[in-house]
Each structure stands twice: as structure tokens, then as C-alpha cells.
Amino acid sequence: MGIKGIDVSHWQGNINWKKVAGDGIKFAFIKATEGTTLKDNKFETNVSGANAAGIKTGAYHFARFGSKSEALAEARFFLSVVKKVHLTYPLVLDLEVNQRNVSKSVLTDAAVAFLREIEKAGYFAMIYSGKSFLENCLDESKLKPFALWVARYSSKLGRDADIWQYSDCGRVAGISGNVDMNICYRDGLKAKVSGKTEKAPAAKPVSNKKPVKTETVYTVKKGDTLSEIAQKYSTTVKALQSLNNIKDPNKIYVGQKLKIGGSSSNKKQYYTIKSGDTLSGISKKFNTSIKTLQNWNSIKNPDKIYAGQKIRVK
């Protein structure tokens, strides 16, 4: 059935979050910023109220950019605002206008730059757009690594998404007037990418006990794709291929059991940095995060790595 949620901004006025929670709302995305100068004047009040009522909180930024440099400037402004509050749901890029009238490729590359900047700061990045805008004005193939929130005001969404915004005229206790309504189909969404795995492992005494396996096994159902399974478990297609020795990601079969967690090897793996490498690129190549690489290799500044440097990647 999915998880019931809303998204709000200053347009909803003063919200009684205790009543909102009592009406069955489990999460709320709250507008934080727009462009590079506009901060929603209800952002901090709404986050505080929703948190106190036990509602999961995420934040969104309304995009105005038309280039990578503009996108990065907007992402940094967004981050400067959200770092002051406690969030438990993802940070969202709200991209629904092509204000600079740029090409599909340029706008999508700018969006990816924004989302990567959010991830670089340690947050879980997500993109929101209208169904028509997403399918006609953006290159979805470049957005596959990111969680997806899609708006379509209809009885059916008609496509895959992690969250569906199905109405802009919902009614919820504690809010005067209309409010956007959403259904989340993905369990485990959170504000921070890392969680416990981002911390450098502490030294432990040697033990003869065998480590407890923590991997999950998933049985493929009719209609499943490796991409959808990867999204469901917050992993990547490449990671699933590696764990399950799958050569062709388009060839999985009903009843097939797939390892989801764990690793195909317990041995540490190292990589020698080449000219032109970035920590962001290396993290994607080895299905890890920038912060994990920093922790493993005592790298203070992720932008300062050098050719010939040997770093741990697994």
C-alpha cells in the first residue's frame, strides 16, 4: 500500500503537526530553499514541529539553474540551510522548470551535478519532477543512480517511482487548505547516506569466532528487474551483479535467489589513483561513498588526491 506523506512550504501557513500525525501522516518533505537566495520562512519551524510529532522529515530545493556551475551554487546554498536542522528523510532536488531554456542534456547534467554535491556532503539525494517533465525534458538514463519522486495527479502513476505525488489538493487535519499528498513505496529512506558504515572501523581484539552473516537473500518475482531490486534495497545494479555473478543484468529469472547484502570477498581491496581520477568517480566505480573512502584512507580534503596514491576501496 505504501507510506502516507505530504510536502509543505510557507503556503500552508501555521501547521498543527500533532494533528497531522494523528491523521496518519508518516513523512513530510519541507521546502527549504529556491535558487541561491530564497529561504522558505517556515522551514525551520515546520521541521521542528514535524520532528516533535514523530513525523519523518526531508527537505527540498526548488531549482532555477541552467548549468552545472549554477546547480552547484544552488546545492551549496541548500546545504547551508539544511545543515542547521535535524532531518530523517532525503534531501530532494525539485526540478520541474527549464528556466534557462537549455537542452535536455545540459539540464540533466546540471541536475546530476547538484545531486552529487548533496551526496558529497553525506546526504541521501533524491530528485522530484512531474511525470511529463521527467520523461520529456530530462535524460532519465543519467538519473538512474538516484531515488525518484514523481508527480502525476491521476488514479495511476503509470511508471516506476519511489514516491508518487498523487494529488495537490489533499486535505489533512492540522492544515488549513489544500496540501500535496504522497505515497512512498520504498522502505528505508533516510537523510544520511552513510549511517554506521561511514565510521572508520575501530580496532577489535582477535577472535576465533566466525563472523555473523548479515546479507539478505531476495527471491526474484515476476516482473522484477535488477534495477528495481537495487533501488528497493538501496544498492546498485553493479553490486548485485558482482555478488551474484550475473553477467547480463537484463537476464534474471523468477525464483532466482539473489544476495543483497554482504560482500563477494572479505579481503580489503586497494586502488592506485591515476591522473584525472576524482574521489567521487572512484566511489562510484567501487560502489562505495566518498566519506567511506575518506575514513578508510584518512583523507581530510576529498578534492586533494594525487596520481600514484594507493587507497583502500573495499
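The model is predicted, so to speak of local features we need pLDDT of at least 70, with side-chain atom pairs counting only at pLDDT 80 or more, while totals for chains, interfaces and linings use all residues. Residues are numbered from 1 along each chain as its sequence is written, and side-chain values use heavy atoms, leaving out hydrogens and water.

**A strand on the inside**

Let's start with strand β9, residues 179–184. Helices (H or I, at least four residues) and strands (E, at least two) are DSSP runs, numbered from the N terminus. Six of the six residues of β9 are buried, so the rest of the structure largely encloses this strand. Here buried means under 20% relative accessible area, exposed means over 50%, and partly exposed is in between, using a 1.4 Å probe and protein chains only.

Which strands pair with β9? One is β1 (residues 3–8), antiparallel to β9 over five bridges. Another is β8 (residues 163–170), also running antiparallel and joined to β9 by five bridges. Two strands count as paired if DSSP finds at least two bridges between them. If you want to find these pairings in the model, look for Ile3, whose bridge partner in β9 is Cys184, and for Trp164, which stands opposite Ile183 in β9.

**Helix α9 and what it packs against**

Helix α9 covers residues 290–297, and its buried residues are Ile290, Thr292, Leu293, Gln294 and Asn297. Those buried residues pack against α4 (104–120), α8 (279–285) and β13 (310–312). Contact here means heavy atoms within 4.5 Å.

Most residues other than glycine have a negative phi. Ser298 is not a glycine, yet its phi is positive, and Asn101 is likewise a non-glycine residue with a positive phi.

| Residue | Phi | Loop | Relative accessible area |
|---|---|---|---|
| Ser298 | about 50° | between α9 and β13 | 66% |

**A glycine at the surface**

Is Gly22 buried or exposed? Gly22 is exposed, because its relative accessibility is 68%. You'll find Gly22 in helix α1, which covers residues 17–22. Gly22 and Ala173 sit 151 residues apart in sequence, but their C-alpha atoms are 7.8 Å apart in space.
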